[in-house]
Each structure stands twice: as C-alpha cells, then as structure tokens.
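Biologist: Can you put the model up? I have some questions about it.

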Amino acid sequence: MKVLSIQSAVAHGHVGNSAAVFPLQRIGVEVVPVHTVNFSNHTGYGAWRGPLIPPPEVAEVLLGVEERGVFPQIDAVLSGYQGGAGIADVIIDAVRRVKAANPAAVYACDPVMGNAKSGCFVAPEIPVLLRDRVVPVADIITPNQFELGFLTGTEPADIASTLASADLARAMGPSTVLVTSVERPDREAGTIEMLVVDAAGAWIVTTPHLPFKANGSGDVTAALFTAHYVGTGNAAVALERTASSVFDLIETTYRSGERELRLIQAQEFYATPRMQFTAERLR
C-alpha cells in the first residue's frame, strides 16, 4: 500500500505527518509525505517558529511527485490540519489527479477544526471551507463529535443522534465516517468511544479514557484507520485495530509522564495490535 499524506510537520514532537508517517511505515505502508507547514513544534505550546509553506510551493512538490510517475501507485490520499485557506485547493486538485491516475484510490480527510472543550482552534474560514468544499470530495472522514456537529449542523450526543449526524455526513459525499472521541452522556464512567459508519453498517468500540490531552493522537488515529480500512475493506476490523494501537500509544505516553506522544516507544503496538477491544455492531 502507498499513501500520499499532505499534512503539517514539526521538528519537535509528533503531530501531522510527524505523527502519521512512522506508524504507517511500521505496519508496512509506503508513505509519500508532503508537508504544508514546517514548524518547530505544534501550536498547542502557544509559541512556535518556522514557515507555513505557501500553497503554490506545496503544489510544486506534488507536481514533482506526479512527474516521477507515483500517482498511479497511490492507494490513499490523507490530509489533516489545514493551516490556511489556500491549501484546500491544492489538496482537492491532488486528489483529482491521483484518482485520474488510479480510479481505485480513496481520499481520507481528517477535518481538523477543534473540540468540545477548546472550541475551534483554526482560522475562521477553515471550518466552512472543510464543510463546503473538502469533505464533499472525500471518501473517508474522521471527525470528532464536535467536528461532526459542525459539518452537519447538528448536536450529536447519544448513540442515536451521533448515528443520525454520521448519516448526514455520508449524504454530503464521504462513504465512510469514523467519529473519534465519542462522549455520550450514558456511557460507562471512565470510558470513551469511537464509532464508524459505512455502507455495510455501524460499529462502536469502547476504551478506557485516560485523563490527559495527547496532541497528535487524532493524526495517528486517522492514518491507521485509513490504512487498515483500505487494506481490509472491513470497518469493524479497522476500528478494532486502530483503537487497540492508539489506546496503547496513549497509555504509553500517559505512563511516561511526557507531554509528547511516545510514538517510537509504542511502535510494537502498531505492528502487532493486541486487539483488546471488540467493536459492537449498532446496525
């Protein structure tokens, strides 16, 4: 499998491509990373250095990759945090060209906007751009519950409303919706869930909820789910493998006491997921 990953990059820590590339490589996926920013660290620190790469320069890198004859080999295009409005056009155009070269290729979009606790943390124009232009051309999207609500103009909370919102998102264009960080009011205390919906059905998986914020964990989740789903065609299996690996990554980080993901230390959990969580079929 080969994945074209158009995302941010940081020198210190693990978000964007700096989070997604290694886990994909560790499960045997060839990755073509194209960076949209080159920052010293993620913006959660409140201060960072380095450039936001101008969209025309990102497009130049993609053109060079295309000229090497790579696009027909791409099985999936993956995108995440979009630092500015202009990069959306570059991503959409790259997806179009990859699919022209390989009609079987899919586009997986992580529509990064914010979360229920922090609200939106991207530029004001980005959520609308994602909703109106980017998500409709995606095959797979991986929003959290807050982002799903914005995309669909709803307030998903319990299982029924989250499924209804996922169905509305699928009606926008994507065939597969992975809802990360589902926090329904009636869930068991100390747990958090992920839910996936595709043409074959809907499944949910429950894991313990560890009490800290892990920047980049969503990027790892989107990357691993995309690879497992494209590789197996089975949403439930992809969900179980992803939940297993990501929980062990987060637990490893939590136990270390470090702020940044212990991405390297947890590598065996990507290559050999423990499969300690079972996806429950909802419909």
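Predicted model: local features only at pLDDT ≥ 70, side-chain atom pairs only at ≥ 80, totals over all residues.

Modeller: Start with helix α4, residues 125–134: Ile 126, Pro 127, Leu 129, Leu 130 and Val 134 are buried there, where buried means under 20% relative accessible area with a 1.4 Å probe and protein chains only. Helices here are DSSP runs of H or I with at least four residues, strands are runs of E with at least two, and both are numbered from the N terminus.

Biologist: Where do the buried residues of α4 fall, seen down its axis?

Modeller: Within an arc of 165°, so they line one face of the helix. The arc is taken from the directions that run from the helix axis to the C-beta atoms.

Biologist: Change of topic: how many helices and strands does the protein have?

Modeller: Nine helices and 11 strands. The radius of gyration is 17 Å, close to the 19 Å that the globule rule gives for 283 residues, so the protein is as compact as a globular protein of that length. That radius is taken over C-alpha atoms, and the rule is 2.2 Å times the number of residues to the power 0.38.

Biologist: What share of the residues counts as buried?

Modeller: 54% of the 283.

Biologist: Now strand β1. Is Gln 7 buried or exposed?

Modeller: Gln 7, which sits in β1, is buried at 2% relative accessibility. Beyond its neighbours within four places in sequence, Gln 7 is in contact (heavy atoms within 4.5 Å) with residues including Gly 16, Val 34, Leu 78 and Asp 219.

Biologist: What separates the C-alpha atoms of Gln 7 and Tyr 81?

Modeller: 6.4 Å, although the two are 74 residues apart along the chain.

Biologist: And Ala 9, which residues is it in contact with?

Modeller: Leaving aside neighbours within four places, Ala 9 is in contact with Ser 18, His 35, Val 37, Asn 38 and Phe 39. Ala 9 also belongs to β1, residues 2–10, and is buried, with a relative accessible area of 5%. Its C-alpha atom is 9.2 Å from that of Pro 33, 24 residues away along the chain.

How values were computed:
Residues numbered from 1 in each chain as written. Heavy atoms only, no water. Buried < 20%, exposed > 50% of the residue type's maximum accessible area, 1.4 Å probe, protein only.
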